[in-house]
Amino acid sequence: MSTKQEQPFLEAKGLTKHFNVSHKLFSKPVWIHAVDDVSFAVQRGETLGIVGESGSGKSTLARLLLNLIEPNAGSVRFKGVDLFSMTKSKESTFRREMQMVFQDPYASLNPRIKIGEAIAEPIRANRVMDGKSRIEARVAELLEMVGLSADVAHSYPHEFSGGQRQRIGIARALGVSPEFLVCDEVVSALDVSIQSQILNLFAELKEKLGLTYIFISHDFSVIRHVSDHILVMYLGEAVEIAPVDELFQNPAHPYTRALISAIPEPDLDVASEKIILEGDIPSAEAPPRGCRFSTRCYMAREECGIRHAEMASIGENHLVRCSFALG
Amino acid sequence: MNQRSFASAFRKNRLGLVGLAGVAIFLLVGLIAPIFVPYPKGYGTEIMVSPSLTHIFGTDGLGLDILSEIIWGARTSIYVSSIAVLLAFAIGVPAGLVSGYFRGVPGSIIDTLIDVFLTLPVLPLIIVIAAVVGSSITNVAVVIGLFSWPSLARVTRNATLRVTEMQFIEAARCLGIKQRVILFKHILIVIAGPILVNLTLIMATSVLSEAGLSFLGLGDPSTWSWGTIIKKAWDAGAIIDTPNPYWWWFTPSISIILYVVCFNLLGNAINDALNPKSRD
């Protein structure tokens, strides 16, 4: 594998997405800065965790990676191929290699389509295999792989709990045998007791199928549990990216420090000082000038409101966007 | 869609069964009975006979059996409403799906068209068109169909707008399912309820429109329809006469009402049965 290190499995460069939220014909467009100049790379077999508050652009980033929406700028290279400049026929092969598990297990399954059909349809549509009995056997195999019995294929989604539905969503995504899975807040709609079951299932599947994940969550303890690298987002921008141990030992960005200090600590002897951030995340319609975090930062100085820092390296694989963290 | 679970859910709905039975009787009467009942024409000998064993619904001012007229009228009603529904379905559903799913320019063009059609005063227009194209029963049916699609398109569009936002549609796109399949399977199956209900409504209202046109004398004078019977009763003054030959105008009126009610009951029951959440 070491020879392949020069070419990452997935590489995003300068990804930017602005939405125009003003639909009036003659009024000035109002731009939402959903994702701004985000770059990162994921190696095969790794898990990249993306963490940030709601409104930080995590889900938009996921949709950009899967080519569900078009970026205003930037590129995504998957196994060396640029996703946004490829032909239709190539796009269909890429569909089989990248998939997504969605946030809300109650909304991500069509209520009128039976489980078996929901899983079989993408297999047929992408011509992964054909023949009715072969596909049926594959559906049964997928259901068992995610810990469900094969005869749930004849039921409708409403007959299942949230955790079971999320398993069905995973089985459906795995039907086309992807190598890369984007998991967008896959456990945030579930009970805490179910969350760990689903997280274990993801770990199991990664082992078994050699998957590469991007795991998106607002919950830092979930991200810490599953990730090899962590990307911290704030208001559409990447503010820090580092391997998980490095990030927890040397968090450089004040925002990362605040998030880490807010993780509940099971060990009572460790007296951790919580950093409480004040206020809400500012509107993405008019992000603060200078550093976007400056309006809430407990370390902010005057120049932070003026100077917009770039991502800069402060260690091996450790990038941060803060004028002070650089020392 | 599982046929068995749909049927068993439908069977639990008593009003729906009544509607289904009513619709089945109308269809049967309209399609089969004209084979056994002679087409009422010319003059009869017994004029304005009240209901009796030989003439169960009595006879009209020309001595023709009203039951035969009702039966032949049922055939006309089914013919007219079937054509109107087919036309409305063929135009309204694709228009609603496309405008709801694709928004943007094609969406707003179709939406504007729907708005224009909905604001047009339908009855006067139907009268004008029926007068211009001539009063054959097929023309009447086509004209009614051409004016029935906007309401269906609006219902389809609104439902599509709601469903397109759902995560499972995004999931389907992500899974590489073709746009055509997403539109005509994933979205259509979810909004089938309101569409079917609207279709049964069109089934009902098109018969009302046909009766109205026939009553105004714009129907096909050579074809028996329930509206034509009422028109003839009206022209003969039967509706205000004393003693009143109530059977002449009452039976076609009640036929129209029953036809409308049965189709509406059926539509509601279909809507309930299609929704798996309402099943036990």
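Trainee: Is M48(B) buried, exposed or partly exposed?
Mentor: M48(B) has 17 other C-beta atoms within 10 Å, so it counts as partly exposed. Please keep in mind that this is a predicted model.

Trainee: Where does M48(B) lie?
Mentor: M48(B) belongs to the loop between α2 (14-36) and α3 (66-102) of chain B.

Trainee: And what is the phi of M48(B)?
Mentor: Its phi is positive, at about 50 degrees, although M48(B) is not a glycine. Most residues other than glycine have a negative phi.

Trainee: What share of the contacts in chain B comes from residues 24 or more positions apart?
Mentor: Among contacts in chain B with a separation of 6 or more, 72% are between residues 24 or more positions apart.

Trainee: At what angle do α7 and α10 of chain B pack?
Mentor: Helix α7 (residues 149-164) and helix α10 (residues 192-215) of chain B pack at about 170 degrees, and their axes are 10 Å apart. The two helices, α7(B) and α10(B), are therefore roughly antiparallel to each other.

Trainee: Which residues make that contact?
Mentor: From α7(B) come S151(B), L152(B), V155(B), T156(B) and A159(B), while α10(B) supplies P194(B), I195(B), N198(B) and I202(B). By class, the contact of α7(B) with α10(B) has 6 nonpolar, 3 polar and no charged residues.

Trainee: How many residues does each chain give to the contact between the two?
Mentor: Chain A gives 22 residues and chain B gives 16 residues. On the side of chain A that touches chain B, the elements with two or more residues are α2 (88-97), β6 (98-101) and α3 (115-125) of chain A. The largest share of that side, 3 residues, comes from α3(A). The residues on that side of chain A divide into 11 nonpolar, 6 polar and 5 charged.

Trainee: Which residues of α3(A) are buried?
Mentor: I115(A), A118(A), I119(A), A120(A), E121(A), P122(A) and I123(A) are buried in α3(A). What covers them includes α4 (132-145) and α5 (162-174) of chain A.

Trainee: Now the sheets. What is the strand order in the sheet of 8 strands?
Mentor: That sheet is open, with mixed pairing and the order β6-β7-β8-β3-β9-β10-β12-β11 in chain A. The edge strands β6 and β11 (312-315) of chain A each pair on one side only. From one strand to the next, the twist averages 20 degrees.

Trainee: Do β7 and β8 of chain A pair in the parallel or the antiparallel sense?
Mentor: Strand β7 (residues 180-184) and strand β8 (residues 212-217) of chain A pair in the parallel sense, over 5 bridges. L181(A) stands opposite Y213(A) in β8(A).

Trainee: Which residues touch the most other members of the largest nonpolar core?
Mentor: Of the 150 residues in that core, they are C183(A), I214(A), L231(A) and V232(A). Beyond its neighbours within four places in sequence, C183(A) is in contact with V101(A), F202(A), Y213(A), I214(A), F215(A) and I216(A).

Trainee: What about the sheet of 4 strands in chain A?
Mentor: That one is open too, with antiparallel pairing and the order β2-β1-β4-β5 in chain A. Strands β2 (31-42) and β5 (81-82) of chain A stand at the edges with a single partner strand each, so one side of each is left without a neighbour in the sheet.

Trainee: Last one: is R292(A) buried or exposed?
Mentor: R292(A) is buried, with 25 other C-beta atoms within 10 Å. R292(A) sits in the loop between α9 (254-261) and β11 of chain A. Not counting residues up to four places away in sequence, R292(A) touches Y234(A), L235(A), E237(A) and P287(A).

Key:
Residues numbered from 1 in each chain as written. Chains lettered and ligands numbered in written order. Predicted model: local features only at pLDDT ≥ 70, side-chain atom pairs only at ≥ 80, totals over all residues. Axes fitted to C-alpha atoms, helices over the stretch in contact; angles between N-to-C directions. Parallel < 35°, antiparallel > 145°, perpendicular 65-115°, else oblique. Contact = placed C-beta atoms within 7 Å. Nonpolar A, V, L, I, M, F, W, Y, C, P; charged D, E, K, R; others polar. Core = buried A, V, L, I, M, F, W, Y, C linked by C-beta atoms within 7 Å. Buried ≥ 20, exposed ≤ 12 C-beta atoms within 10 Å, placed from the backbone. Pairing = 2+ DSSP bridges.
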